[in-house]
Amino acid sequence: MALKTCLVVDDSRVIRKVARRILEDIGFEIAEASDGMEALAWCRAAMPDAVLLDWNMPMMTGIEFLRHLRLEPGGDKPTVVFCTVENDIERIREALDCGANEYIMKPFDGDIIASKFAEAGLI
């Protein structure tokens, strides 16, 4: 059985590294992008099963990336989990309205990611 792929999109190398370790431990193959533009290029080349997405990034924010992703061929397929310090209810609603499937607050740990990915039907 092929591993599911998850694209980890965050401008913090440390966050990407921590998320990679957690997601690999629960059985995902990982790709990384440091901003929304890089993530969009990655998705156009190979659409992932899941995207763990930061909100505040240079070049293209997470919400801008999500809007673009959902318009791409096959862009409705990936399960998108926002992972951010944004905790304002309006921001969370905006993310969900734009097509996010789940929302994780930073800081996170393996249990939080595993439970959110399970809720989203990824594991």
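**Legends to close-up views of the predicted model**

**View A. Packing of helices α2 and α3.** In this predicted model, α2 and α3 are roughly parallel to each other, because their angle falls under 35 degrees. The angle between α2 (residues 36–45) and α3 (residues 62–71) is about 20 degrees, and their axes lie 9 Å apart. The crossing by which α2 passes α3 is right-handed. On the α2 side, the residues that meet α3 are Gly36, Ala39, Leu40 and Cys43, and their counterparts in α3 are Phe65, His68 and Leu69. Sorted by class, this contact holds 5 nonpolar and 2 polar residues, with no charged residues.

**View B. Alanine 41 in helix α2.** Alanine 41 belongs to helix α2. With a relative accessible area of 46%, alanine 41 is partly exposed. From the C-alpha atom of alanine 41 to that of leucine 69 the distance is 10.0 Å, while 28 residues separate the two in sequence. Leucine 69 is also one of the α3 residues that meet α2.

**View C. The salt bridge between arginine 16 and glutamate 32.** The count for the model comes to 11 salt bridges. One of them joins the side chains of arginine 16 and glutamate 32, at 3.0 Å from N to O. Arginine 16 is part of helix α1 (residues 13–25) and glutamate 32 is part of strand β2 (residues 28–33), so this pair ties together parts that are 16 residues apart in sequence. Arginine 16 counts as buried because its relative accessibility of 11% is under 20%. Glutamate 32, with a relative accessible area of 27%, is partly exposed. Salt bridges with shared partners join Arg16, Arg20, Glu24 and Glu32 into one network.

**View D. The salt bridge between glutamate 72 and arginine 44.** The side chains of glutamate 72 and arginine 44 form a salt bridge with an N to O distance of 2.9 Å. Distant parts of the chain are linked by this pair: glutamate 72 sits in the loop between α3 and β4 (79–84), arginine 44 sits in helix α2, and the two are 28 residues apart. Glutamate 72 has a relative accessible area of 19% and is buried, whereas arginine 44, at 54%, is exposed.

**View E. The salt bridge between aspartate 76 and lysine 77.** In the salt bridge of aspartate 76 with lysine 77, the closest N and O atoms are 3.7 Å apart. Both aspartate 76 and lysine 77 are exposed.

**View F. The cis peptide bond at proline 107.** Lysine 106 and proline 107 are joined by a cis peptide bond, for which omega is about -5 degrees. Proline 107 is located in the loop between β5 (102–105) and α5 (110–119). Its relative accessibility is 75%, and proline 107 therefore counts as exposed. The C-alpha atom of proline 107 is separated by 8.7 Å from that of cysteine 83, and along the chain these two residues are 24 residues apart.

**View G. Methionine 59 and its positive phi.** Methionine 59 is not a glycine, yet its phi is positive, at about 70 degrees. The residue lies in the loop between β3 (50–53) and α3. Methionine 59 is exposed because its relative accessible area of 65% is over 50%.

View H. Leaving aside residues up to four places away in sequence, aspartate 54 touches Val9, Asp10, Asp11, Gly62, Phe82, Cys83, Thr84 and Lys106. Among these, Lys106 is the residue joined to proline 107 by the cis peptide bond, and Cys83 is the residue whose C-alpha atom is separated by 8.7 Å from that of proline 107. Between the C-alpha atoms of aspartate 54 and glutamate 86 the separation is 9.4 Å, with the two residues 32 residues apart along the chain.

Conventions. Residues are numbered from 1 along each chain as its sequence is written. This is a predicted model: local features need pLDDT of at least 70, side-chain atom pairs count only at pLDDT 80 or more; totals for chains, interfaces and linings use all residues. Side-chain values use heavy atoms; hydrogens and water are left out. Axes are lines fitted to C-alpha atoms, for helices over the stretch in contact, and angles run from 0 to 180 degrees between N-to-C directions. Helices (H or I, at least four residues) and strands (E, at least two) are DSSP runs, numbered from the N terminus. Angles under 35 degrees count as roughly parallel, over 145 as roughly antiparallel, 65 to 115 as roughly perpendicular and the rest as oblique. A crossing is left-handed if the near helix is turned anticlockwise from the far one by less than a right angle, and right-handed if clockwise. Contact means heavy atoms within 4.5 Å. Ala, Val, Leu, Ile, Met, Phe, Trp, Tyr, Cys and Pro count as nonpolar, Asp, Glu, Lys and Arg as charged, and the others, Gly among them, as polar. A salt bridge is a side-chain nitrogen of Lys or Arg within 4 Å of a carboxyl oxygen of Asp or Glu. Buried means under 20% relative accessible area, exposed over 50%, partly exposed in between (1.4 Å probe, protein chains only).
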